[in-house]
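Here are some notes to read alongside the model. Please keep the structure open while you go through the points.

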Amino acid sequence: MLNTEIRAELSEVGLDCTEMVEKFMDSEAMFLKFFKKFFGAADSVVKELADAVSADDHAAIENRAHALKGLAGNIGLNAVYNPAKKMVDDVRAGQFGSFKSDFEKLQAAYDKAAAICAKLD
């Protein structure tokens, strides 16, 4: 379950465990179930987003970042949600100067959250 160490690590990736457990009907087990499922759904989206960033494909960046924003938002993973949202907003505004650095932040937070999730098994 979510011991103090894990809660602190999750806080570093922008996840407020107390708030998210409340959103999952005060069930820590339910939150953890969906937290773990997130990575199964998001792994391919992150890969596709990485490919879009490498290809400088703005339409694909907007699409994949938007999908990832929704997935991350559902579980409160703000360190992934915030850069994904910024990427979507910037591409929609025609501002293409920072999406690579935003993706690097997103990827680092995603990798860190995945490593935390791996500890939960």
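Leaving aside its neighbours within four places in sequence, which residues is Ser98 in contact with? The first point below takes this up.

1. Ser98 sits in the loop between helix H5 (78-92) and H6, where helices (H or I, at least four residues) are DSSP runs numbered from the N terminus. Apart from neighbours within four places in sequence, Ser98 is in contact with Lys86 and Asp90; contact means heavy atoms within 4.5 Å. With Asp90 there is also a side-chain to side-chain polar contact, at 3.1 Å. A polar contact here is a pair of N or O atoms within 3.5 Å; within protein, one must be able to donate a hydrogen and the other to accept it, and residues adjacent in sequence count only if both atoms are side-chain atoms.

2. A word on provenance: this is a predicted model, in which local features need pLDDT of at least 70 and side-chain atom pairs count only at pLDDT 80 or more, while totals for chains, interfaces and linings use all residues. Residues are numbered from 1 along each chain as its sequence is written, and side-chain values use heavy atoms, with hydrogens and water left out.

3. The axes of H5 and H6 come within 8 Å and cross at roughly 160°; axes are lines fitted to C-alpha atoms, for helices over the stretch in contact, and angles run from 0 to 180 degrees between N-to-C directions. That makes H5 roughly antiparallel to H6, a label for angles over 145 degrees. Their crossing is left-handed, meaning that the near helix is turned anticlockwise from the far one by less than a right angle. From H5, Ala79, Val80, Pro83, Ala84, Lys86, Met87 and Asp90 meet Phe99, Asp102, Phe103, Lys105, Leu106, Ala109 and Tyr110 of H6. By class, this contact has 10 nonpolar, no polar and four charged residues. Ala, Val, Leu, Ile, Met, Phe, Trp, Tyr, Cys and Pro count as nonpolar, Asp, Glu, Lys and Arg as charged, and the others, Gly among them, as polar.

4. H6 (residues 99-119) also packs with H1 (residues 4-12), at an angle of about 165° and with the axes 9 Å apart. H1 is therefore roughly antiparallel to H6. H1 passes H6 in a left-handed crossing. Glu5, Ile6, Glu9, Leu10 and Glu12 in H1 face Lys112, Ile116 and Lys119 in H6 across this contact. Its residues divide into three nonpolar, no polar and five charged.

5. On the H4 side, the axes of H4 (residues 58-75) and H5 come within 8 Å and cross at roughly 150°. This crossing is left-handed. The residues of the contact divide into 10 nonpolar, three polar and four charged.

6. Met25 has a positive phi of about 55° although it is not a glycine, and phi of Asp26 is near 55°, a positive value in a residue other than glycine. Met25 lies in the loop between helix H2 (17-23) and helix H3 (28-55), and Asp26 lies in the loop between H2 and H3. Met25 counts as exposed at 63% relative accessibility, and Asp26 is exposed at 61%. Buried means under 20% relative accessible area, exposed over 50%, and partly exposed in between (1.4 Å probe, protein chains only).

7. Lastly, Gly70 is found in helix H4 and is partly exposed, with a relative accessible area of 34%. The C-alpha atoms of Gly70 and Met25, 45 residues apart along the chain, are separated by 20 Å.

Terms used
Helices (H or I, at least four residues) and strands (E, at least two) are DSSP runs, numbered from the N terminus. Angles under 35 degrees count as roughly parallel, over 145 as roughly antiparallel, 65 to 115 as roughly perpendicular and the rest as oblique.
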